[in-house]
Amino acid sequence: MKINWSVTAILATGWVVLIGALPQDVVVQRRRQMENNNSVVAEALNKAVKEKNFVEIEDKCNVIQENMNKVLDFFPRGSLSKNSRAKAEIWAQWSEFTKHPAIVTKAAQDLAAAAKAGDGPLVEDKFKALGEACKSCHSSFRAPKPIVSEEYR
Amino acid sequence: MSSQLEGDLFRFYVENSLKATHLLPILFMFVALIPRMVLAQEDRKELIERGQYIFGVAGGCACHTVPKGIPHAGGRAFPIPFGTVYATNITPDKETGIGSWSDKDIIRAMTTGVRPNGEWILPIMPHEAYSGIAEEDIKALITYLRTLKPVRKETPRLKTWVPFYRSLLTPLWLKFFGRFSTPPREAPKDGIPRGQYLTDHVSLCGDCHTPRNFLGVLKRGLYLAGSRTGLLGEESPNITPDNETGLGKWSREEIAHLTLTGFKPNLDNVQGLMEEVIEGVSVGYKNMTRQDALAVADYLKSIRPIVNKVK
């Protein structure tokens, strides 16, 4: 059987590019998703809590829950990158890491329930609890903003 | 009773009543002094509590603790132009800490940058800023520092290839670039003056949130306007009240909330050095009163907004 070297070379190059591109694409998507969580969803949620806009609070909590359903897809193995604040511990402690979306989901559900009940003080408490839930993952699995050297970490 | 025994008894009575007579004034003085001693104890207790508060507002002096290391025992590495310097042991250990230093020695080191042995302290230790700390506050702080658990731990020596870095370059740097303040006797108690005092001279926000040039000199025209490579190379945001690049859109309550908890309005949390100074080792910014946190916020909202996009 004759081997068409040109086609093989093109396929091989395409495969290498695909493999090289995949982690970077997911890193970009991941950063966008997290920034979106903060800048769009959480800021809107903060505004809604201040204004006691319970309908908006419930809506944003639903968005957070949807985001948490797919968040693990943004952390495939091999997507550790210096352009991302995701720490290697995510994959080293994968079973621990995967508990956190559920924690945030529960906190969002509690906040939505408080909003549905129209309980202002409870909404404020549950909003803080949602922040703590997000923080619990960040503290273990997100690096601080880039630093100069490991020596100074 | 025999006369011998009578004599002995009489002598016993006289000698001991004389002793009692001598003892009486001493006993009286002691009784009179007890309330003063109790008051002095209470004064000291109050001083220690105030010192602990100042320690917290100063970020728990987190720079002097290696993360997850022994509290306040130094050894933390800081990059400087042309080298690395290590924070010192500030526990009251007599050999390796400040245990053998007098109060004057500690004040001199903290506010002028000179150790008791005449050695210069590199200005990464913000003695210029601390030179403006109120006398009552530094006195309380020192009293508190002396209650810390002494830890025997040597500080690693300065690493640099530049000769006379400490003995010559440091005093020269201070002569040309150092900006020292005259400390007030008492700290401002509330409002924007209190916020400015805490920001500039105790919490030292400017040390991280102001960019520096290649010599490590603060770019004062960009004071508090954020830095891409702040202390330890960490990015520090613009905390002037510019609407687009700073804290202009934040309310004073949100600024105070972040100072006390590390949470931003968008539910994100600070990490790195800012998290460390908020948590402190034992006490940190989180232990500030709400009134003080709001005073800092009011000061930050009152200063000139500077456009400086850090990211």
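Mentor: A crossing is called left-handed if the near helix is turned anticlockwise from the far one by less than a right angle, and right-handed if clockwise. The crossing of helix 2 and helix 5 of chain A is left-handed. This is a predicted model, in which local features need pLDDT of at least 70 and side-chain atom pairs count only at pLDDT 80 or more, while totals for chains, interfaces and linings use all residues. Residues are numbered from 1 along each chain as its sequence is written, and chains are lettered from A and ligands numbered from 1 in the order in which they are written.

Helix 2 of chain A covers residues 54-70 and helix 5 of chain A covers residues 100-116; helices are DSSP runs (H or I, at least four residues; strands are E, at least two), numbered from the N terminus. The two pack at an angle of about 165°, and their axes lie 9 Å apart. Each axis is a line fitted to C-alpha atoms over the stretch in contact, and the angle runs from 0 to 180 degrees between N-to-C directions. Helix 2 and helix 5 of chain A are therefore roughly antiparallel to each other (over 145 degrees; under 35 is roughly parallel, 65 to 115 roughly perpendicular and the rest oblique).

The residues that meet can be listed by side; contact requires C-beta atoms, placed from the backbone, within 7 Å. Helix 2 of chain A contributes Phe54(A), Ile57(A), Glu58(A), Cys61(A), Asn62(A), Ile64(A), Gln65(A) and Met68(A). Facing them in helix 5 of chain A are Pro101(A), Val104(A), Thr105(A), Ala108(A), Gln109(A), Leu111(A), Ala112(A), Ala115(A) and Lys116(A). By class, this contact comprises 11 nonpolar, four polar and two charged residues (nonpolar: Ala, Val, Leu, Ile, Met, Phe, Trp, Tyr, Cys and Pro; charged: Asp, Glu, Lys and Arg; polar: the others, Gly among them).

Now the setting of this pair. Chain A has six helices and zero strands, so that its elements run α-α-α-α-α-α from the N terminus on. Among contacts in chain A between residues at least 6 apart in sequence, 67% join residues at least 24 apart. Chain A also touches chain B: 18 residues of chain A are in contact with 14 residues of chain B. On the chain A side, helix 1 (5-51) and helix 6 (120-141) each supply at least two residues. That side of chain A holds eight nonpolar, five polar and five charged residues.

Conventions: Two residues are in contact if their C-beta atoms, placed from the backbone, lie within 7 Å.
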